[in-house]
Amino acid sequence: MSLILGMDTWVFTAWILTIIAAIACVIYGIYYEYLKKNDEEKPPIKKDEKQKEEEK
Amino acid sequence: MDVVFFAVFMALFAAMFGFLGYLGYKKTKTAEDYYVAGRNMGPIVIAFSYGATFISAVALIGFSGIASIYGHSILWLAFLNIFVGILIAFIFYGFRTRKMGLSLKAVTLPEMLGNRFNSIRLQSVSGLIIAIFMIAYASAVFLAIASLFQVTFGISYELCVVIFTVVVGAYLVVGGLYAVMWTHAVQGILMLVGMLILTIGIYAMLGGVGPAHEAAASLTPEILESIGSPAATKAPNGLTSIPPALSPPFMMVLTLIFGVGIGVLAQPQLIVRYLSAKSEKALRRAIPYGGIFILLMTFTAFSIGPLCNVLMVNNGLVYPGTPDKVLPLVVSELFPQWFVFLFLFAVLAAAMSTASALFHTAGASIGRDVFEKGMMKGISHEKSIKITRIATIIIVIATLIITLNPLDVVAIMCAFFFGLMACTFLAPYTFMLYWKKTSRAGAWAGMLGGFIFTMLWYALVYFKTAPQIIGSSLINEYVWNMLDPLFIGVPLSFLLTYIFSVLMKQDKEEQKLMKKAFQNI
């Protein structure tokens, strides 16, 4: 039976998936922290439009 | 010298945690402060507290010992610990739990169920189930510590457990969840340092990842038998391979993987961490910290477990008799003295963190869910905290008594607890969060159905427990008697919750509460 890093295919799959899962946690954090704009930070477009309409 | 060192470090531990307990006491003004740390916790403390609660001495010592017998196939549990225990748990359960807990003004899982389905009895019964079985789980945690002390120092473990219990009980009772979560942050750092050094040390001794695993793979059953390791028969395909499908070792690994891996979703002591978050953002930010923390805990512990066999063979050591003594034996024989102390206190930190969370949750279950809501309606916040403090002290003492009369291998008990909680609460908890039509009858049916089935399965069928209770398993057919109740109990509980919710619909009061529960979701 061929071994990868001394492990059989099923065990190696578990080994690599564990690392990938941890990386996914970090990527999730980075995405929400730096890449995805928070709803609270989004410019309140609708409100501005409404205000403009009201001003008119 | 050992005893003096232990006394000095234990005194430092006690002083530091006592101080954090005092700070928690000063900050605890309301019942919400005591139960959910004022719903004011930030991401790092949440992540460390969640991780330190989740990963106990059972995971570090018990499961690395189990891995030394069943091999690296247990790494599937490490994967589930992160994928299910962090990603799925936080994203699909954490955010909603926090929002619904706020809307329903609930501080425990039973209170969420009770407030959502307008049933104090549901709250009290679920609180009672949690408290009783948490005592068993906490005793399993103490047992792991006892094994460590026995093998490493030869110090009377009874004495150590008493000291340890008093320290945990003191800061917990005084400082509430603030003290528990702050101490978790400190304990988590100690656990991280200890496990990192241990893992690097073991891999370095064996020449790196590849050579270490290859050395483990090359251990034949004859070699393993020569050191008395049960791995000779429990890992028939070798320590770095999956056992043959449906063989007894395969079923055992499957039981452990799913019992703990899936069971994590419905653990009341972990759910409290979601409720303590100050915002959804704090929970989101906790995910990367939590993922890394669990990686450095379970992945490392399960990886080095099988390698302990190689080290034992290379250094002429003999299997110490039970799996939970394998890692302590390797550490005490092959590592320098300073690390033995560090490791000892890292495991002690792991045990203390889990025990304090269990005691806090069990105390809240008895004090808040059973007594305050079930028997003493309308009492003041001060009285509520007082009752919970008394309940916590009783639980600490009960755990101590059970620990002094140990029952079984620690990891099995841990798997029992996680599986039982999953069969009992996962279905009503999930339906409560996601399905607006879930009714009180559905929640009762799912909870009791799952609970009764699991208890009957453990008592009458499961090969590990049935022989101890009724003499022999009622179903002696292989595979069935090795099947963890979780595989049937969880689907059954989901089915019962759904069917009873459809058959016995919500009344008007329940509908009103349902709208309230979902108002922020």
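**Exercise 1. Placing Ala427(B)**

In which helix of chain B is the place of Ala427(B)? Decide also whether Ala427(B) is buried or exposed.

*Solution.* The model is predicted: local features need pLDDT of at least 70, side-chain atom pairs count only at pLDDT 80 or more, and totals for chains, interfaces and linings use all residues. Residues are numbered from 1 along each chain as its sequence is written, and chains are lettered from A and ligands numbered from 1 in the order in which they are written.

Step 1. Locate the residue. Ala427(B) sits in helix 18 (residues 410–434) of chain B. Helices (H or I, at least four residues) and strands (E, at least two) are DSSP runs, numbered from the N terminus.

Step 2. Apply the burial rule. A residue is buried if 20 or more other C-beta atoms lie within 10 Å of its own, exposed if 12 or fewer, and partly exposed in between; C-beta atoms are placed from the backbone. Ala427(B) has 29 other C-beta atoms within 10 Å, so Ala427(B) is buried.

Step 3. List the partners. Two residues are in contact if their C-beta atoms, placed from the backbone, lie within 7 Å. Not counting residues up to four places away in sequence, Ala427(B) touches Gly446(B), Gly450(B), Val490(B), Ser493(B), Phe494(B) and Thr497(B).

Step 4. Arg368(B) is 59 residues from Ala427(B) in sequence, and their C-alpha atoms are 23 Å apart in space.

**Exercise 2. The bend in helix 8**

Where does helix 8 of chain B bend? Compare its end-to-end distance with that of a straight helix.

*Solution.* Step 1. Take the span. Helix 8 of chain B has 49 residues, and a straight helix would reach 72 Å at 1.5 Å a residue. The expected span is 1.5 Å times one less than the number of residues. The end C-alpha atoms of helix 8 are only 30 Å apart.

Step 1. Find the bend. Helix 8 of chain B bends by about 130 degrees at Gly176(B). The bend is the angle between axes fitted to the seven residues ending at a residue and the seven starting there.

Step 2. Inspect Leu177(B). Leu177(B) also belongs to helix 8 of chain B. Leu177(B) counts as buried because it has 30 C-beta neighbours inside 10 Å. Leaving aside neighbours within four places in sequence, the contacts of Leu177(B) are Tyr34(B), Tyr35(B), Val36(B), Ala37(B), Ser276(B) and His360(B).

Step 3. Look past the end. Just after helix 8 of chain B, Gly207(B) takes a positive phi of about 90 degrees.

**Exercise 3. The core and overall form of chain B**

Which residues have the most contacts inside the largest nonpolar core?

*Solution.* Step 1. The largest nonpolar core has 200 residues, and Ile74(B), Ile145(B), Val347(B) and Ala351(B) have the most contacts inside it. Helix 8 (residues 157–205) of chain B gives this core its largest share, 21 residues. Such a core is a set of buried Ala, Val, Leu, Ile, Met, Phe, Trp, Tyr and Cys residues joined through C-beta atoms within 7 Å.

Step 1. Beyond its neighbours within four places in sequence, Ala351(B) is in contact with Ser56(B), Ala57(B), Val141(B), Phe142(B), Ala144(B) and Ile145(B).

Step 2. Chain B has 22 helices and 0 strands. Buried residues make up 61% of its 521 residues. Of the contacts in chain B with a separation of 6 or more, 83% join residues 24 or more positions apart.

**Exercise 4. The side facing chain A**

*Solution.* Step 1. Count the contacts. 28 residues of chain B are in contact with 20 residues of chain A.

Step 1. Sort by type. The side of chain B that touches chain A divides into 17 nonpolar, 8 polar and 3 charged residues. Ala, Val, Leu, Ile, Met, Phe, Trp, Tyr, Cys and Pro count as nonpolar, Asp, Glu, Lys and Arg as charged, and the others, Gly among them, as polar.
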